[in-house]
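Please consult the sequence and the structure shown below.

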Amino acid sequence: MEKLHQQVKRPREQISDAEALLNITNTIFLKLKNSQHGDRISRFISNLVEQYEHKIDPKEGQLCVSWRKLGVDTSHVFRKAPGMSTMIGLKYAKPAIRKPAIQRKSRRAVKIFCPDEAEESVCETKSDHTEKIVASMFDVLKKRKAIQLEKLIVNRNSFSQTVENIFALSFLIRDGRTEIAVKDNGAHLVVPRNAPSAAAIANGSVSYNHFVLRFDYRDWQLMIGRVNNGEEAMTHRTS
């Protein structure tokens with residue numbers, strides 16, 4: 001016990017050993033203090049020192065308690081604790097019986113009949129819807145000649161229809177039928193124009209340019225605030 005500190009390799013081990021010794025000492029003295037006879041404490045310590053005394057330096061007469069001898073004499077108390085033996089697991093283990101495999105009868109293939117004419121697909125319906133919006137927007141541009149970008153695409157009653165208007169405007173710009181001009185004050189004007197000829201596209205004098213427009217719900221709310229009620233160029237679509 002007196003050489004326990006020499007076996008410590010980490011600070012945490014020293015702290016754990018000190019706490020364990022402190023708890024053992026406190027427990028022993030607490031039990032002795034609660035006993036009826038108070039003189040038993042001093043008598044117990046005297047007998048402990050007398051029984052397990054160990055001389056460190058015979059010349060100077062220094063004495064200490066031999067904790068190793070004390071541990072060996074009391075080790076039989078901590079070797080085995082009384083208890084009840086138990087078995088882990090099931091008491092009766094029966095082998096699982098495998099069920100016989102049952103072969104199911106194979107079903108006959110079902111004949112599939114295809115109709116002569118397929119119904120109109122959803123993609124074609126969406127394409128027709130977009131073409132109608134593009135045509136309606138170009139008619140507005142031909143009448144107005146020049147209009148602000150916000151007034152052309154915004155729909156204060158529907159965020160989704162505003163996105164559809166932006167999508168339709170992208171087709172007009174891609175085909176060269178519309179251009180966006182920027183004023184000195186930063187305002188964006190949408191102006192109609194004639195589409196380039198096939199020869200201009202073939203010889204490379206006209207090229208297609210694409211861009212990505214960021215537009216979310218906050219932008220839609222800001223656009224509604226900048227456009228007065230009734231200045232929207234595109235009407236609200238009910239169907």
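A residue is termed buried when its relative accessible area is under 20%, exposed when it is over 50%, and partly exposed in between. The model examined here is predicted.

| Residue | Relative accessibility | Class |
|---|---|---|
| Phe159 | 27% | partly exposed |
| Trp220 | 8% | buried |

**Aromatic pairs**

The count of aromatic pairs comes to 5. One of these is the stacked pair of Phe159 and Phe215, with 5.8 Å from centre to centre and 5 degrees between the planes. Phe159 belongs to helix α6 (residues 159–174), whereas Phe215 lies in the loop between α7 (198–202) and α8 (217–226); the pair therefore ties together parts that are 56 residues apart in sequence. The ring centres of Tyr217 and Trp220 are 5.3 Å apart and their planes stand at 50 degrees, so this pair is tilted. Tyr217 and Trp220 are 3 residues apart in helix α8, and about one helical turn therefore separates them. Together, Phe159, Phe215, Tyr217 and Trp220 make up one aromatic cluster.

**Strand pairing**

Strand β5 (residues 188–192) runs antiparallel to strand β3 (residues 147–148), joined by 2 bridges; here Gln148 is opposite Leu189 in β5. Strand β4 (residues 178–182) also pairs with β5 in the antiparallel sense, over 5 bridges, and Thr178 stands opposite Pro192 in β5. A hairpin is formed by β4 and β5 with 5 residues between them, and Gly186 in the turn has a positive phi of about 95 degrees.

How values were computed. Residues are numbered from 1 along each chain as its sequence is written. This is a predicted model: local features need pLDDT of at least 70, side-chain atom pairs count only at pLDDT 80 or more; totals for chains, interfaces and linings use all residues. Side-chain values use heavy atoms; hydrogens and water are left out. Rings of Phe, Tyr and Trp (its six-membered ring) pair if their centres lie within 6.5 Å; planes under 30 degrees apart count as stacked, over 60 as edge-to-face and the rest as tilted. Helices (H or I, at least four residues) and strands (E, at least two) are DSSP runs, numbered from the N terminus. Buried means under 20% relative accessible area, exposed over 50%, partly exposed in between (1.4 Å probe, protein chains only). Two strands pair if DSSP finds at least two bridges between them.
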